[in-house]
Amino acid sequence: MVMGGAVTTGRKIRWGLTDILVLVFALVPVLWVVSLSFKTKETLTDGNFIPQAWTFQNYADIFATTEFVRALVNSIGIAIIATVIAVVLGTMAAYAIARLDFPGKQLLVGLSLLIAMFPQVSLVTPLFNIERQLGLFDTWQGLILPYITFALPLSIYTLSAFFREIPWELEKAAKMDGATPAQAFRKVIAPLAAPGVFTTAILVFILCWNDFLFAISLTSTEASRTVPAALSFFTGSSQFEDPTGTISAAAVVITIPIIVFVLFFQRRIVAGLTSGAVKG
Amino acid sequence: MSHAVAEAPVSISRAKKAKPVLSEGKRAERKLGLLLCAPAAIVMIAVTGWPIIYSIWLSLQRYDLRFPAQQTFIGFDNYVAVLSSSYWWTAFGTTMLLTVVSVAIEFVLGMALALIMHRTLVGRGLVRTVALIPYGIVTVVAAFSWYYAWTPKTGYLANLLAPDSALLTERLPSLGIIVLAEVWKTTPFMALLLMAGLALVPEDLLKAAAMDGANAWQRFTKVMVPVMKPAILVALLFRTLDAFRIFDNIFVLTNGAQDTSSVSMQTYNNLIKGLNLGIGSTMAVLIFITVAIMAYIFIKIFGAAAPGSDQGGQR
């Protein structure tokens with residue numbers, strides 16, 4: 001890995017310092033929100049990076065409001081449903097792209113690429129009116145549809161990159177050894193494909209979880225407003241209260257799943273993003 | 001993406017060996033392929049293709065939801081109205097400025113981060129894990145973090161660097177903070193795309209270059225960058241088009257005050273605050289055209305290395 005020269009302590013220290021720089025760069029803004037969320041009302045505006053007095057009050061406050069709890073349910077439900085559908089449809093298409101020869105394959109790849117680059121805001125105005133007329137405005141489906149659409153290119157690219165790496169000959173070998181097609185798929189192919197599908201699901205979930213533009217344009221009430229959109233309407237427990245603490249607490253809550261994914265599946269996420277990138 | 005398609009050895013070799021006349025199995029394969037792709041294609045076209053056509057039609061109407069009875073066909077009047085409005089051009093200029101500046105900074109930092117993640121001797125897993133946090137975090141959450149960091153009195157950065165002024169109420173500092181928020185959030189993504197390119201640089205080539213007396217900078221510009229060109233193109237293309245859509249950060253940080261509004265913000269405001277579907281659709285179409293032109297220029301400049309260009313194809 002290392003070029004020219006042995007691994008000296010000096011080099012290690014220099015790399016170590018560089019690493020610390022990256023850690024600070026990446027973590028400070030996150031820790032700042034965490035810090036704000038634990039500050040008491042009195043110390044909220046003291047500007048200290050580390051809270052002088054700690055409290056769980058902000059968390060208690062947001063979980064006591066339907067505004068936040070409902071938004072959290074919406075966020076989770078919508079993101080999960082959109083992820084499942086996008087990954088299932090993406091798996092089918094990616095399998096076909098990676099393994100089958102059929103007319104229109106390039107067209108589909110091109111279409112996915114177009115949609116990956118599509119300016120979402122161009123859809124907001126027409127979708128707003130179409131969904132209003134179809135009765136989809138301010139419903140879960142109304143958000144799930146655009147989420148699936150913008151998740152599909154990601155899921156098709158990532159999955160087809162993964163599927164190309166699978167040694168499909170094994171399937172044939174299993175059949176030759178007397179396995180039925182169903183067995184060959186279940187015992188040989190599915191275990192090989194599962195990690196790729198799972199990684200894609202994480203990436204798609206992050207994409208849906210992150211959305212703000214559609215969430216704020218295509219919803220109008222608690223019925224389907226997701227947390228990122230709800231955050232911008234937060235006012236604190238009374239209208240005249242400073243919402244800094246509650247917004248921070250809500251922000252921390254929706255950051256937890258991301259931190260969990262990143263901590264446990266770092267390798268997969270990196271593999272998924274990079275494989276889709278170079279080959280995709 | 002193009003290489004990807006070219007690199008399907010199993011299916012290609014099988015396809016090649018198949019007889020030129022469509023056999024029974026070949027036809028079944030085609031049918032299965034189309035069937036499997038149909039649902040994804042239908043959803044993508046239905047949710048993007050139809051609305052964009054619909055918005056072209058809407059953009060030719062006077063259509064204000066507050067006065068729905070006055071809806072009429074007015075030709076290109078909306079385009080004239082938008083294109084002669086200084087608000088639109090200010091937003092357009094702001095968006096372009098933010099795009100160019102933030103992508104340029106991200107590219108430099110992203111390349112540095114990619115090299116660190118690729119080469120570091122200590123804590124590689126840790127660095128990669130931590131670098132993923134900005135990528136994964138919800139943009140609105142990050143935006144609030146920066147917003148409070150720069151809020152007078154509340155914020156650690158405001159107290160540290162500018163105790164007596166409210167930077168988010170001035171134009172240039174606001175734009176700087178928006179760039180900072182964008183760069184923080186998206187540099188890791190850029191770095192990951194570039195790291196994928198770095199992985200393709202053969203170690204032997206670097207060693208040979210070092211042996212021939214090339215210094216680190218020469219090795220970087222003469223060996224790494226040429227090999228990484230496709231990855232660099234993909235990273236720049238995606239980030240540029242993505243940066244042009246900037247919305248979340250501006251919405252939270254300034255809400256478009258002091259001329260910091262982007263074209264996406266303008267479109268949103270015309271729709272939700274103005275309820276003017278005609279003007280909103282006109283802007284939607286203009287943004288769509290701009291993005292299409294930008295993508296076209298990118299692919300023209302970088303030529304065959306572009307993603308999606310049919311280089312190699314599947315046979």
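## Contacts along chain B

Among contacts in chain B between residues at least 6 apart in sequence, 71% join residues at least 24 apart; two residues are in contact if their C-beta atoms, placed from the backbone, lie within 7 Å. The model is predicted: local features need pLDDT of at least 70, side-chain atom pairs count only at pLDDT 80 or more, and totals for chains, interfaces and linings use all residues. Residues are numbered from 1 along each chain as its sequence is written, while chains are lettered from A and ligands numbered from 1 in the order in which they are written.

Chain B has 315 residues, and buried residues make up 44% of them. A residue is buried if 20 or more other C-beta atoms lie within 10 Å of its own, with C-beta atoms placed from the backbone. Chain B contains 14 helices and two strands. Helices (H or I, at least four residues) and strands (E, at least two) are DSSP runs, numbered from the N terminus.

## A helix pair in chain B

Helix α5 (residues 86-119) of chain B packs against helix α13 (residues 263-273) of chain B at an angle of about 140°, and their axes are 8 Å apart. Axes are lines fitted to C-alpha atoms, for helices over the stretch in contact, and angles run from 0 to 180 degrees between N-to-C directions. α5(B) and α13(B) are therefore oblique to each other. Angles under 35 degrees count as roughly parallel, over 145 as roughly antiparallel, 65 to 115 as roughly perpendicular and the rest as oblique.

On α5(B) the contact is made by B:Y87, B:W88, B:A91, B:F92 and B:T95, and on α13(B) by B:V263, B:M265 and B:Q266. These residues divide into six nonpolar, two polar and no charged. Ala, Val, Leu, Ile, Met, Phe, Trp, Tyr, Cys and Pro count as nonpolar, Asp, Glu, Lys and Arg as charged, and the others, Gly among them, as polar.

## Chain A

Chain A has 11 helices and zero strands. Of its 280 residues, 49% count as buried. The C-alpha trace of chain A spans about 70 × 70 × 35 Å along its principal axes.

The domain assignment divides chain A into domain 1 (1-55) and domain 2 (58-278); such bounds come from an automatic or database domain assignment. The contact takes eight residues from domain 1 of chain A and nine residues from domain 2 of chain A.

## Where the chains meet

In the contact between the chains, 97 residues of chain B touch 98 residues of chain A. Helix α3 (residues 24-59) of chain B gives the most to the chain B side, with 19 residues. That side divides into 64 nonpolar, 23 polar and 10 charged residues.

Notes
Buried ≥ 20, exposed ≤ 12 C-beta atoms within 10 Å, placed from the backbone.
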